[in-house]
Amino acid sequence: MRSNLSSSPRWSTKLEFPPLRSSLCSLQKWASFSSGGGSPESNQESSKKKLIRDRLLPSLTPYENIYTVPNILTFSRLLAAPVVGYLVLHDYHIWAVCLFAYAGITDLVDGYIARRWNLQTIVGTVIDPMADKTLMTILTVCLAVKGALPVWLAAIILGRDIGLGIAAIYYRWVSLPPPKTFSRYWDFSLPSAEVHPTTISKVNTFLQLALIGATTAQPLIAVDVSGTMMAMQ
């Protein structure tokens, strides 16, 4: 085999290795290919491929530390979203506004901490916008149920966010390092595709959160702001 490699014109003294993910995908394809026939040689080859698929590939997959302060803050914001919805539905407006403010503050703080102390993670790029979209979706539904938000506007916001959520689920699966299993899909220490929102997406999310926040706080404002709220909608 050595003589064949050295004499092949495709090889040179400078070898270029593909990225780790490409190598893992190639290795997975080789390990998943079943040899035909029932000879001892083919059975031995199948055993080697099974060993690589079940033991070697998972051990080669890179992991990252997801238990960081920014990720914990983001996850707390994710948990706060249904609580804010409950408070809105039961007319606890002061508590709803306070918890909404907490979500906004932690959204700024977790990003600053991640950049300042180099704690960025791939899972953080996923759950950060997920927390924003979850809060947006729950509050949109609750405010529409209470009649504080027009149904047509709620339908537009929900349609966009549901589409983004489906796309995120799909890209998480296709970018998951091999082997692809259901348990590994929910293991967020396994990095997959990073999420980098565009400038337009950031501006749109900010405007939507401003509208939802103002609508949530409207019952606490003594002056008549109905004209301003209609203009924002």
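**Core and ring contacts**

Let me start with Leu139. Leaving aside neighbours within four places in sequence, Leu139 is in contact with Val84, Val88, Phe100, Ile212 and Thr216. This is a predicted model, so please take what follows as computed.

Leu139 belongs to the largest nonpolar core, which has 19 residues. The members that touch the most others are Val84, Val88, Leu135, Leu139, Leu149 and Ile212. Two or more core residues come from each of helix H4 (69–89), helix H5 (93–116), helix H6 (122–145), helix H7 (151–174) and helix H9 (199–217). H6 gives the largest share, five residues.

Next, the rings. The whole structure holds three aromatic pairs. Tyr170 and Tyr171 make an edge-to-face pair, 5.3 Å centre to centre with 75° between the planes. Tyr170 is partly exposed, at 48% relative accessibility.

What are the distance and angle for Trp173 and Tyr185? Their ring centres are 6.0 Å apart and the planes stand at 45°, so this pair is tilted. The pair links distant parts of the chain, with Trp173 in helix H7 and Tyr185 in helix H8 (residues 182–185), 12 residues apart. Trp173 is partly exposed at 37% relative accessibility, whereas Tyr185 is buried at 11%.

Tyr185 also has a charge over its face: Arg172 lies there, at 5.7 Å from the ring centre. Elsewhere, the charged end of Arg116 sits over the ring of Trp117, 5.1 Å from the ring centre.

Last, the cysteines. Cys98 is partly exposed, with a relative accessible area of 44%. Cys142 is buried at 8% relative accessibility. The disulfide count is zero.

Conventions. Residues numbered from 1 in each chain as written. Predicted model: local features only at pLDDT ≥ 70, side-chain atom pairs only at ≥ 80, totals over all residues. Heavy atoms only, no water. Disulfide = S-S within 2.5 Å. Buried < 20%, exposed > 50% of the residue type's maximum accessible area, 1.4 Å probe, protein only. Core = buried A, V, L, I, M, F, W, Y, C linked by side-chain atoms within 4.5 Å. Helix = DSSP H or I, 4+ residues; strand = E, 2+ residues; numbered from the N terminus. Contact = heavy atoms within 4.5 Å. Phe/Tyr/Trp six-rings, centres within 6.5 Å; stacked < 30°, edge-to-face > 60°. Lys NZ or Arg CZ within 6 Å of the ring centre and 35° of its normal.
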